[in-house]
Amino acid sequence: MDVSSPTRALSPERGPGQAEPPPAAPSAEQVLLQARLALSERPGALRELGALLEAADPRWLLGSASPAALGSLAAALGGFAAPPRREQDGTEPPGQDAALAAVAERAERVGAVFLLLLQKLEAAKGQESLGMAVVGPVLRRVLGHAFIFAVTHKDERPWTTASTRAVAQELLERLLQAAGCGSVAEFLRGKEGDEEGRFGAVMGLLKQELTKDTWKRNPGSKHVFSWTLLHVSRPWLCPHLERVLPPALLLSDDFQEENKVLGVRCLHHIVLNVPGADLCQFNRAQVVFHALYNHLYSREAPLIQAVLLCLLDLLPVLERGQRHQGHGRATSPWDQVLQLVLTHMEAEHRLALRRVYAGTLPAFVTRLGILIVRHLKRLERVILGYLEVSDGPEEEARLGILETLQCTIEHAWPRMPCRLPVLLKALLRLLWDVHTEQGPTPVPVRAALLHRATQCLILLDRCSQGQVKVLLEGVHSSCEENQVRECLRKVQESS
């Protein structure tokens, strides 16, 4: 016997005319490896992969293919349908329209392949020879990639069409079903009693796409990150703080307003859903505060609104941390923020920004309490200036400033009597202006303005020991306008 070949040495001798045995069928792992490599080489490879999965027996597919092989195939499918890469600074390369159309076409087919794969995994669960012992490890490898693909393509984006959005939405529903979860939040955080959900796995897959040098190259990564983050709440978010805080800060630090607003909203969600002690550890809260404080110099209303709302929830955390470290109230970041906000409000002429500032100012006054007296001089100028100018039919700025004045009177009432002449004059002028203006302001808005102005007059009267009633006696008797007379009557009759 010729033993030069190991194959011949191990194979039985065949007689003359005996046929060669048929070659062994390739394993599922080999077939999937070839299919994965062919995705980027042959145009028809994706269609062939779909036909292969549709005809495949789950026992062959899962019996001879490792979870790692199926996970690598899922990763390749997700990458094959990823949005077109951009330059490092986020600019789109030439020929972007054609690339977007090609991605949409590939995404529809990739979504169909993912659905076939999940269908086979669902069928395998019911087979005795396979069951969850075999399917479970495969699902852990596949579902993260399928989830990222579905979230990337389920909303209206430049790289999606109605067809791709429908396929992605169906895939999202099917993968939740395959995982045995009733919602995206449950899928990410884990079901009751489980140690962890799939949020960590998804963030791990996104990690390389969310670094300083890569996050702008894939335009879908920021949307997947933010959408996923907003579905994980307290207490499940805290263990992943190290993974989610850096990308949120990166987004908020960008030069494009859209990315800044998205990053600030992510930071706000983190602040709301991570315990204050963890935020203050390693000076994280201070880092977030400085990132937000720098945005206060912006002149874009959506960004300012997002920043102020986030600061209202961050500043109590920061204040508690400083108190534990032995710092007094004199170093309160509330004063620092309010001083800058009032400075900008005083000179602001754009109505959109005036509405945003006025809408959040009452919360700052309430949080500071009696310490608002530190800012009374500038706050008084802001209140007087905003009461004089109408900001449109809904009068959001005026209503916000009246609420601010009411909060200020309630918290700093000992300082109000010396300011009574100025404030009384401004409120009476507002009552007259609201009654006489012939603009498009709806009746309910006018009524709200009159009511809040009246409440401010009543509060001023109480903290000045009835001086407002004395000053208004002559005005009430000489006024002939019914609406104004009714407001003055309420002040006179208040106890």
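## A well-covered helix

Helix α13 is mostly covered, with 13 of its 17 residues buried. This is a predicted model, so please keep that in mind as you look around. The helix takes in residues 257–273 and reaches 24 Å from its first C-alpha to its last, close to the 24 Å expected at 1.5 Å a residue.

Another helix to look at is α22, made of residues 443–463. Its 21 residues reach 31 Å from the first C-alpha to the last, close to the 30 Å expected at 1.5 Å a residue. After α22 comes Gln465, whose phi is positive, near 60°.

How many disulfides does the structure hold? The count is 0. A disulfide is a covalent bond between the sulfur atoms of two cysteines. To be counted as one, the two sulfur atoms must lie within 2.5 Å.

Cys456 is in no disulfide either: its nearest cysteine sulfur, that of Cys407, is 9.0 Å away. Cys456 counts as buried too, at 0% relative accessibility.

## The largest pocket

Now for the open spaces. The largest pocket has a volume of about 500 Å³. Its lining has 23 residues, and Leu139, Arg140, Leu143, Gly197 and Arg198 lie nearest its centre. Helices α7 (131–153), α8 (162–179) and α10 (199–206) are the elements that give two or more residues to this lining.

Which helix gives the most to the lining of the largest pocket? That is α7, with 8 residues. Sorted by class, the lining of the largest pocket has 8 nonpolar, 7 polar and 8 charged residues.

## The second largest pocket

The second largest pocket holds about 330 Å³ of space. It is lined by 19 residues, with Gly78, Gly79, Ala82, Ile148 and Asn218 nearest its centre. At least two lining residues come from each of α5 (67–80), α7, α10 and α11 (221–229).

Here, too, α7 gives the most to the lining, with 5 residues. The lining of the second largest pocket divides into 9 nonpolar, 8 polar and 2 charged residues.

The largest cavity has a volume of about 60 Å³. Around it are Leu376, Glu380, Ile383, Leu405, Thr408, Met416, Arg419 and Leu423. The elements giving two or more residues to this lining are α19 (376–388) and α20 (396–411), and the largest share, 3 residues, comes from α19. By class, the lining of the largest cavity has 5 nonpolar, 1 polar and 2 charged residues.

The second largest cavity holds about 40 Å³ of space. Its lining is made of Leu384, Leu387, Glu388, Ala426, Arg429, Leu430 and Asp433. Which helix supplies the largest share of the lining of the second largest cavity? It is α21, with 4 residues. This lining has 4 nonpolar and 3 charged residues, and no polar ones.

Technical notes: Residues are numbered from 1 along each chain as its sequence is written. This is a predicted model: local features need pLDDT of at least 70, side-chain atom pairs count only at pLDDT 80 or more; totals for chains, interfaces and linings use all residues. Side-chain values use heavy atoms; hydrogens and water are left out. The expected span of a helix is 1.5 Å times one less than its number of residues. On a 1 Å grid over the protein atoms alone, a cavity is a set of points where a 1.4 Å probe fits but cannot get out, and a pocket is an open set with protein on both sides within 12 Å along at least five of seven lines; lining residues have an atom within 4 Å of a point. Grid points are joined across faces, edges and corners, and a volume is the space filled by probe spheres set on the points. Ala, Val, Leu, Ile, Met, Phe, Trp, Tyr, Cys and Pro count as nonpolar, Asp, Glu, Lys and Arg as charged, and the others, Gly among them, as polar. Buried means under 20% relative accessible area, exposed over 50%, partly exposed in between (1.4 Å probe, protein chains only).
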